[in-house]
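My entries follow in the order in which I made them.

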Amino acid sequence: MERLTDSNLEQAKLYFYQLLVSRESYSYREIFALMTENMKNLLQADSVALYIYDEWQQRLERVSYAGPRQRGFRLSIDYIHQYVCMPDMLREFPHVLDKVLPLQHPNESVIGFLYVGGGGEKIPDCRELAWEIGNCVTHLIRTYQAKEDEQHTAHLYEATTNLHASIDMHDVLRVLITTLQRTYPQFAYALLLAQDYHGDTDLPIKNLIYDYSVHEASTRAYMTGEVQIEESAKGQVINRYVPLNGKQGIYGVLHVSMPAAMKYTKVDHSFITKLADSAGNALENARLYQHSKKLISDLQLINETSKKMNANLRLSDTITLMHQQIRDTFGGEEIGFILYRGDQDAGDILNGSTGFFSEPNSRIFLEWIARHCRDAQGEAMFISNFQERYPDVPLPYRSLLVIPMVRSEQLQGVVLALHRNPSFFTFESFRLIESLVQHSSLSIVNSMLRERLENLVITDYLTNLFSRSYLDERMHAHIREDAQGGFILIDVDDFKKVNDTYGHNTGDYLLIQVANLIKDLLGPSDVAARWGGEELAIYLPHASYEQTIMKAERIVQSVAGSTRPAVTVSCGVSTWTAADRPAVHNLFSRADRKLYDAKRLGKNRYCI
């Protein structure tokens, strides 16, 4: 075989050297293209192709070609070092005189191949030229990798500095995506986060789905902490799932999507994984900081709420405060406060609950809640999709929190928060509201007991009307502050005859009937009390003379037509204005005299 002349070899070496030291801003690929064209001319070959070995992907990649047309030269092939590279591996229909020369010195690993197409002409022995090409390629690759490493190192240093300078999750994620888009603009990215993220929507963020049938590779990357590779169905796209690893856990997965034909080197892989690890550590620090801030905020919320509730609030104020805290902090659509007395089926709905709990169709649900809480011995419930879990219980809401109120190991009631959307409440919010209710249960129960005790003091045990002393206090305050008012003293006619005829139990029942009829006729600010025996009284704050007479007339008519056994009442009426503010006992005395007149005139009437 004819050997390449020394002068030609020296000419080629000189040309390679000039390319390497040239001040022209040739790119990596342009230098390879110039070298290949020079080799074609020097060897007087029909075509020349230069293949470089990618050790990381174990493939031969064609980096340059010179010739009239490609004539079936392959762009890349899988290749392992132990194999002998033959012309038909690189070219679909090679000529018998074509040569494939390894770019290597004896006893060294191959870095690529020079394919020389003879086109029918005999090609001189150019192994030494291939060695020189190998030297040049090695130098170019190292130079290029050094520049790429320098750029990546600079980008990675800048990104890592920015990542760890922030304790805000959104800032961390933005630095990660911005760095990737600047370094690899040809790739597409998505962030699959392990927990709900409520930041701005301009970042490509998705929730990580733990469904192996849908996103097996992404889930495997999250579970194992290792990069996973998945090829699209048509083989046009390569998806890489890179875990965001922290020191204490994995906080999501970076999804990198790239064209299958695009080169992806070991340097690229190292850069992206290191950047993802830095982002994972920064996310961990940001989460820990935010978690510590939330713990402090939660403790402050519990402390402030407990302080307010322990300030001797009335039950209505306590429930209003709890309702406001739950709505502002957790955002439930429906909030309910249910009190259990003994073995009631559904319990009492306290004022401060939203309208849903008073609707007739909510009773089945409330009865189910009561049974469940009693059976579970007051265990709290956190349900993300109620309809799916309990399809037989009618409820138009999916997210459900049920927090029991327990005192002395006895279930006193429950606090409920509902929302139509599934998985609306987080587990962290469930734990916080549970703690909040537990700290507030004692205040709620104490408010209930205090009001019960107050009611016992100011309420008549038989008629459930207010006591005479309470009415006296209210009248003193109103006469001092208001502009006018009215007072009605009521006596059941012939009440002794009822007791003698039917017995005292019937007499008591009759008093209860009359008291309930009076309650039905009361205005929102009217105060009714048991005056003593069979006498009852009503004070009408702000009422005029005419309004007081009208009320007395309605009472007389209502009692006469609605009691069993039938009885009537007599009423004495007195009124006052700002021009004549009487003492309370004087107002009583006037009404008492008019009551006597009504009795004397035949009963079943009122006098003023």
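**Helix 6 and its surroundings**

I looked up what the buried residues of helix 6 pack against, and found strand 6, strand 8 (228-231), strand 9 and strand 10. I took contact as heavy atoms within 4.5 Å. Helices (H or I, at least four residues) and strands (E, at least two) are DSSP runs, numbered from the N terminus. In helix 6 (residues 216-224), I noted Ala217, Ser218, Thr219, Ala221 and Tyr222 as buried. Buried means under 20% relative accessible area, exposed over 50%, and partly exposed in between, with a 1.4 Å probe and protein chains only. Glycine 225 follows helix 6 and has a positive phi, near 75°.

I recorded the conventions here. The model is predicted: local features need pLDDT of at least 70, side-chain atom pairs count only at pLDDT 80 or more, and totals for chains, interfaces and linings use all residues. Residues are numbered from 1 along each chain as its sequence is written, and side-chain values use heavy atoms, with hydrogens and water left out.

**Nonpolar cores**

A nonpolar core is a set of buried Ala, Val, Leu, Ile, Met, Phe, Trp, Tyr and Cys residues joined through side-chain atoms within 4.5 Å. The largest has 28 residues, of which Tyr189, Leu191, Leu244, Leu254 and Ile272 touch the most other members. Among the elements that give two or more residues to this core are helix 5 (169-183) and strand 6 (188-193). Helix 7 supplies the largest share, eight residues. I then listed contacts of leucine 191, not counting residues up to four places away in sequence; they include Leu173, Pro204, Lys206 and Val253. A second, separate core of 27 residues includes Leu462, Val498, Ala515 and Val569.

**Cysteines**

How many disulfides does the structure hold? I found zero, a disulfide being a pair of cysteine sulfur atoms within 2.5 Å. The sulfur of cysteine 571 is 9.6 Å from the closest cysteine sulfur, in cysteine 607, which is too far for a bond. Cysteine 571 is buried at 0% relative accessible area, and cysteine 373 is buried at 1%.

**Backbone exceptions**

Most residues other than glycine have a negative phi, and most peptide bonds are trans. I noted a cis peptide bond between arginine 564 and proline 565, with omega about 0°. Proline 565 lies in the loop between helix 15 and strand 19. Glutamine 44 has a positive phi, near 50°, and is exposed, with a relative accessible area of 67%. Asparagine 604 also has a positive phi, near 55°, and counts as partly exposed at 36% relative accessibility.
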